[in-house]
Amino acid sequence: MILETKNKKVSLVYRTRSIIKVTNLLQGKNFEEIYFEALSQNNIDALSKIIFVFAEDVDSGVSAFK
């Protein structure tokens, strides 16, 4: 998935290491539960953390946010 803003183009890349990091960060049992719960409850904080972990710069392939 590619997210594009005025100044930056970010690709969401789902890797096993990133999924584990999100699960530990949001203190859940599995990623699927965390993700769909955040979507159904419109939990912006959880969704922003998920995007932060998975976001990579489209051009260089490294983390998009520092």
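# Exercises on a predicted model

The protein chain has 3 helices and 3 strands. The model is predicted.

**Exercise 1.** In what order do the elements of the protein chain run from the N terminus on? Then compare the radius of gyration with the globule rule.

*Solution.* Step 1: reading from the N terminus, the order of elements is β-β-α-α-α-β. Step 2: the radius of gyration of the protein chain is 12 Å. Step 3: for 66 residues the globule rule gives 11 Å, and 12 Å is close to this, so the chain is as compact as a globular protein of that length. Step 4: the C-alpha trace spans about 35 × 25 × 20 Å along its principal axes.

**Exercise 2.** Classify the aromatic pair of Phe31 and Tyr35, and locate both residues.

*Solution.* Step 1: the structure holds 4 aromatic pairs. One of them joins Phe31 and Tyr35, with 5.8 Å centre to centre; the cut-off for a pair is 6.5 Å. Step 2: the angle between the planes is 25°. Planes under 30 degrees apart count as stacked, and the pair of Phe31 and Tyr35 is stacked. Step 3: both residues belong to helix α2 (residues 31-40), where they are 4 residues apart, about one turn of the helix.

**Exercise 3.** Are Phe31 and Tyr35 buried or partly exposed?

*Solution.* Step 1: buried means under 20% relative accessible area. Step 2: Phe31 has a relative accessible area of 17%, so Phe31 is buried. Step 3: for Tyr35 the value is 26%, so Tyr35 is partly exposed.

**Exercise 4.** Classify the pair of Phe31 and Phe54, and say which parts of the chain the pair links.

*Solution.* Step 1: the ring centres of Phe31 and Phe54 are 5.6 Å apart. Step 2: their planes stand at 80°, so the pair is edge-to-face. Step 4: Phe31 and Phe54 are both buried. Step 5: ring pairs also join these two residues with Tyr14, Tyr35 and Phe36 in a cluster.

**Exercise 5.** Describe burial, contacts, surface and charge for the whole protein chain.

*Solution.* Step 1: 26% of the 66 residues count as buried. Step 2: among contacts with a separation of 6 or more, 46% come from residues 24 or more positions apart. Step 3: the chain exposes about 5200 Å², of which carbon and sulfur atoms supply 53%. Step 4: there are 9 positive and 8 negative charges, and their mean positions are 7 Å apart.

Technical notes:
Residues numbered from 1 in each chain as written. Predicted model: local features only at pLDDT ≥ 70, side-chain atom pairs only at ≥ 80, totals over all residues. Heavy atoms only, no water. Phe/Tyr/Trp six-rings, centres within 6.5 Å; stacked < 30°, edge-to-face > 60°. Helix = DSSP H or I, 4+ residues; strand = E, 2+ residues; numbered from the N terminus. Buried < 20%, exposed > 50% of the residue type's maximum accessible area, 1.4 Å probe, protein only. Rg over C-alpha atoms; globule rule 2.2 N^0.38 Å. Contact = heavy atoms within 4.5 Å. Areas by Shrake-Rupley, 256 points an atom, 1.4 Å probe, with all protein chains shown as cover. Lys, Arg positive; Asp, Glu negative; His and termini not counted. Charge placed at Lys NZ, Arg CZ, Asp CG, Glu CD.
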